[in-house]
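Colleague: Before we go through the details, could you put the sequence and structure up? I would also like the working terms stated as they come up.

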Amino acid sequence: MAFVSSGYDPSKPMENRITDIGPRKYDEFYPPVIAKNKGKWLYHEILQPGVLVHVAESGDEVYTVRVGGARLMSTSLIREICEIADKHCGGYVRWTTRNNVEFMVADKAKVQPLIDDLSGRKFDGGSFKFPVGGTGAGVTNIVHTQGWIHCHTPATDASGPVKATMDVLFEDFQKMRLPAQVRVSLACCLNMCGAVHCSDIAILGYHRKPPMLDHEYLDKMCEIPLAIAACPTAAIKPAKVTLPDGKEVKSVAVNNDRCMFCGNCYTMCPSMPLADTEGDGIVLMVGGKVSNRISAPKFSKVVVAFLPNEAPRWPSTTSAIKKIIEAYSAGAKKYERVGEWAERIGWERFFEKCELEFTHHLIDDFRDPAYYTWRQTSQFKFTD
Amino acid sequence: MAKHATPLLDQLESGPWPSFVSDLKAQAAKRAKNAENIEFQIPTDVVEDLLGILELSFKHGRTHWKHGGIVGVFGYGGGVIGRYCDQPEEFPGVAHFHTMRVAQPGGKFYSTEYLRQICDLWDMRGSGITNMHGSTGDIIFLGTTTPQLEEVFFELTHNLNQDLGGSGSNLRTPADCIGEARCEYACYDTQALCYDLTNEYQDELHRPAFPYKFKFKFDGCPNCCVASIARADLSFIGTWRDNIRIDQEAVQAYIGGEIAPNGGAHSGRDWGKFDIQAEVIGRCPTQCMWMEDGKLKIDDRECTRCMHCINVMPRALRIGNDRGCSIFAGAKAPILDGAQMGSLVVPFIKVEEPYSEIKETVIEPIWDWWMEEGKNRERLGELMKRQGFQKMLEVMDLKPVPQHVQEPRHNPYIFWKEDEVDGGWERDINEFRKYHKR
Amino acid sequence: MEYEEAKQKLVEELTKKLKSKSKFYFNDLANILGEKPRDAKKLINRMVTDGVLEYWSSGSTSMYGMPGTGKQAAAEHEEK
């Protein structure tokens with residue numbers, strides 16, 4: 001493969017350099033019906049799972065067909081999306097905040113052919129390319145992080161557990177039988193690039209072993225003050241270490257009891273890896289939301305302290321999630337989110353209904369806010 | 001025949017949900033065939049090696065990536081994340097596998113013409129694998145080599161009129177909801193504000209001079225579809241301050257069962273006949289609604305605009321006309337001291353071009369304070385916690401109002417300042433002793 | 001502060017600290033220069049353009065260093 005220059009001259013990086021132009025402007029990419037009716041929409045309706053109509057003051061309608069998809073996506077698949085959008089939607093398409101793809105048409109007659117086209121496309125392995133759904137009181141697509149496909153500190157994979165979970169929850173992606181929407185999210189370590197901390201159900205990767213120390217190489221590979229400064233709990237200090245061959249080297253010591261397993265030291269110092277087959281796994285958190293509807297936004301709470309990484313399909317994780325959703329579906333009132341349901345029935349009842357074991361790891365002991373999570377009333381329920 | 005056997009990943013090809021494994025395999029086969037004679041600038045078998053190293057992670061239960069911090073494009077401190085695999089001999093195609101963040105358009109609307117240009121560029125100069133989209137909102141180009149970073153950037157800026165997004169201690173690529181483009185709940189034009197601020201603050205986005213990351217997110221209404229209140233240092237949430245508009249005929253249509261509640265969101269189960277008392281009036285958090293003479297009444301002064309009634313009856317109830325946004329500060333994910341929601345700073349502000357009031361009275365005073373007082377790697381929310389909400393109001397020259405708090409303080413330990421107390425703190429002990437013996 | 005003076009001061013201070021570390025937060029640089037962040041930024045941006053300083057990013061945080069210094073370059077196999 002011959003090198004093909006873009007026109008960039010490495011010896012003169014500033015020559016003809018264009019910078020600070022930002023993203024493309026949003027309205028370049030509006031379909032005509034959107035451009036015409038922007039700010040003048042009257043109401044919307046979900047005609048069937050995954051299919052919405054928005055009606056404008058002008059009487060114009062836009063029909064949206066929403067499909068799920070992996071956020072890890074090849075250009076081949078994007079080109080196929082383009083082909084569909086050209087065929088049915090005048091060459092426009094959009095993505096949602098939750099990795100769904102939306103195809104829009106302005107004419108009702110075009111809706112069914114679009115749905116048929118999308119639903120009919122499958123990968124060679126048999127899975128749908130463009131499953132229609134993800135609207136209303138159901139489970140929509142999972143927002144997630146990179147995991148083992150690209151991250152250097154993940155405690156679990158992302159795309160794998162997401163695929164496994166969505167396979168198990170698939171029916172609820174295409175139905176709207178739940179009391180309210182259920183937002184599932186995944187972050188592959190506690191740094192939470194995916195900000196999963198306010199999701200109905202959060203799947204969180206978690207390490208449980210402090211970093212290993214590659215003493216022989218540590219001072220050669222890393223700048224020790226930077227590794228020390230990277231630690232959020234000040235658990236790392238400089239140390240002199242004698243190697244098996246008697247040589248004394250500069251290195252670090254980790255106060256293991258203070259380690260919160262964030263991996264920030266590994267980012268600064270590749271001689272401090274912490275990934276571990278047995279140590280790493282999944283924490284399940286439940287009951288968060290970001291909407292201000294009825295009750296204030298809420299944080300998710302830890303309800304399962306640890307589940308092992310069971311590649312490729314994470315059965316313990318997916319079955320725990322399924323149990324939670326079934327208990328919620330059976331017990332919650334219409335419009336009630338998972339967290340609102342848990343608060344109404346009480347968390348003691350939540351554990352009973354979801355058949356989850358309550359363990360000492362689920363009692364908060366991290367800094368000041370922990371105190372306010374302990375029960376400070378004589379009101380509680382008895383459970384079996 | 002695939003380059004690497006992937007028996008574990010193969011098990012993720014079955015099941016109904018779109019399989020990223022199938023997609024990657026198809027992409028690998030397409031590159032190998034190269035029917036279009038693309039002059040690939042990184043190894044042809046990059047996707048095969050990506051599958052191979054991912055399979056190894058599935059086998060080991062551990063990642064095989066290392067971080068790299070040096071690589072980037074000249075003059076920018078963000079937009080590129082350096083990545084190297086720890087098995088380069090076995091998987092040379094992904095030995096360098098850097099990510100590029102490409103700033104996404106507002107609302108994530110695209111023309112197919114633009115998407116194809118992006119694909120052409122990334123097929124030739126990268127792996128052809130993307131994230132649509134990353135958590136912050138950018139288009140993610142997943143995996144290229146160091147020499148290609150400048151080439152991709154040059155082509156993006158020269159041929160696609162397209163810049164990179166943010167990473168590191170920068171303003172991160174701002175993100176918005178679909179807003180007025182296709183949502184009747186939008187109380188301001190999220191895309192217009194997002195685009196304007198993104199362009200106004202390009203220097204802050206590309207050249208890191210902040211203590212840590214800083215995020216703007218724009219939600220058109222309190223439903224918060226982009227989760228701004230949970231994850232943005234400054235979160236702009238649409239709201240209104242006049243009355244919900246009521247169409248009484250449509251209210252009757254909901255009561256009569258002619259229109260499905262909540263836009264039909266609950267049609268997958270038989271929830272029984274719609275009951276406006278139980279489902280709307282009874283669920284109103286402020287109990288500010290009632291039926292009177294067959295009409296729905298709302299005491300709008302008591303309404304906290306939670307959106308529930310509007311969500312349930314979108315054809316009968318509409319957001320008010322005097323619209324703007326509320327601004328919240330300090331949200332962040334848990335690390336370190338626990339997650340924080342955004343706290344209300346500006347209860348209401350009009351959102352009107354050129355947005356000078358938002359820039360000059362909110363964003364810039366907050367940045368000045370944080371840039372001077374923030375410690376290394378301290379998010380705004382942590383500075384607010386360390387120096388106090390009152391301090392932030394002081395630097396913004398904002399008057400405290402009860403809307404700022406959920407409830408007043410629980411302790412009387414008020415740190416009075418000397419100038420707040422009549423007569424100051426300097427007193428004459430001898431004068432005091434005239435009346436109080438030692 | 002004049003650019004040349006700032007450059008000299010910063011290079012001098014960073015060189016002194018090289019024994020222990022080669023990467024610095026923005027605020028460390030602003031403190032060395034004794035300038036407010038916004039003024040320091042203008043100087044530092046120019047030093048990046050002139051090749052006096054370069055960025056190092058953890059992905060979540062950014063740092064600055066003098067090109068070619070420190071141990072990261074070798075560890076990242078990006079020695080030039």
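Modeller: A salt bridge here is a side-chain nitrogen of Lys or Arg within 4 Å of a carboxyl oxygen of Asp or Glu. This is a predicted model, in which local features need pLDDT of at least 70 and side-chain atom pairs count only at pLDDT 80 or more, while totals for chains, interfaces and linings use all residues; side-chain values use heavy atoms, with hydrogens and water left out. Residues are numbered from 1 along each chain as its sequence is written, and chains are lettered from A and ligands numbered from 1 in the order in which they are written.

Colleague: How many salt bridges does the structure hold over all chains?

Modeller: One of these pairs is Arg207(B) with Asp20(A). Over all chains, the number of salt bridges is 58.

Colleague: Which residue of chain A forms a salt bridge with Glu150(B)?

Modeller: The closest N and O atoms of the pair formed by Glu150(B) and Arg17(A) are 3.1 Å apart. Glu150(B) is in helix α5 (residues 146-159) of chain B and its partner is in the segment before α1 (32-37) of chain A, so the pair joins two chains; helices (H or I, at least four residues) and strands (E, at least two) are DSSP runs numbered from the N terminus. Both residues are buried, where buried means under 20% relative accessible area, exposed over 50% and partly exposed in between (1.4 Å probe, protein chains only). The residue of chain A is Arg17(A).

Colleague: What is the N to O distance in the salt bridge of Arg207(B) and Asp20(A)?

Modeller: The side chains of Arg207(B) and Asp20(A) meet in a salt bridge. The pair crosses between chains, from the loop between α7 (202-206) and β8 (216-219) of chain B to the segment before α1 of chain A. Arg207(B) is buried at 13% relative accessibility, whereas Asp20(A) is partly exposed at 25%. The N to O distance is 2.7 Å.

Colleague: In which strand of chain A is the partner of Arg315(B)?

Modeller: Arg315(B) pairs with Glu45(A), the closest N and O atoms being 3.6 Å apart. Arg315(B) lies in the loop between α11 (308-312) and β13 (317-318) of chain B, and this pair also crosses between chains. Arg315(B) is partly exposed, with a relative accessible area of 30%. Glu45(A) is in strand β1.

Colleague: How many helices and strands does the secondary structure of chain B come to?

Modeller: Buried residues make up 61% of the 438 residues in chain B. The C-alpha atoms of chain B fill a box of roughly 95 × 75 × 45 Å along the principal axes. Its secondary structure comes to 15 helices and 15 strands.

Colleague: How far apart are the C-alpha centres of domain 1 and domain 3 of chain B?

Modeller: Domain bounds come from an automatic or database domain assignment. For chain B this gives domain 1 (7-159), domain 2 (175-240 + 324-419) and domain 3 (245-318). The centres of domain 1 and domain 3 of chain B lie apart by 47 Å.

Colleague: Within what arc do the buried residues of α14(B) fall?

Modeller: Helix α14 (residues 389-396) of chain B has Met392(B), Leu393(B) and Met396(B) as its buried residues. Seen down the axis, these line one face of the helix because they fall within one arc, which is that of the directions from the helix axis to the C-beta atoms. They pack against β14 (323-329), β15 (343-349), α12 (356-373) and α13 (380-387) of chain B, contact meaning heavy atoms within 4.5 Å.

Colleague: Which residue of chain B does Val62(A) touch?

Modeller: Val62(A) is in strand β3 (residues 61-67) of chain A and is buried at 0% relative accessibility. Not counting residues up to four places away in sequence, its contacts include Val33(A), Trp41(A) and Met104(A). From chain B, Val62(A) touches Arg182(B).

Colleague: What is phi of Ile294(A)?

Modeller: Ile294(A) is in the loop between β11 (281-286) and β12 of chain A. Ile294(A) is buried, with a relative accessible area of 17%. Its phi is positive, in a residue other than glycine, and is near 60°.
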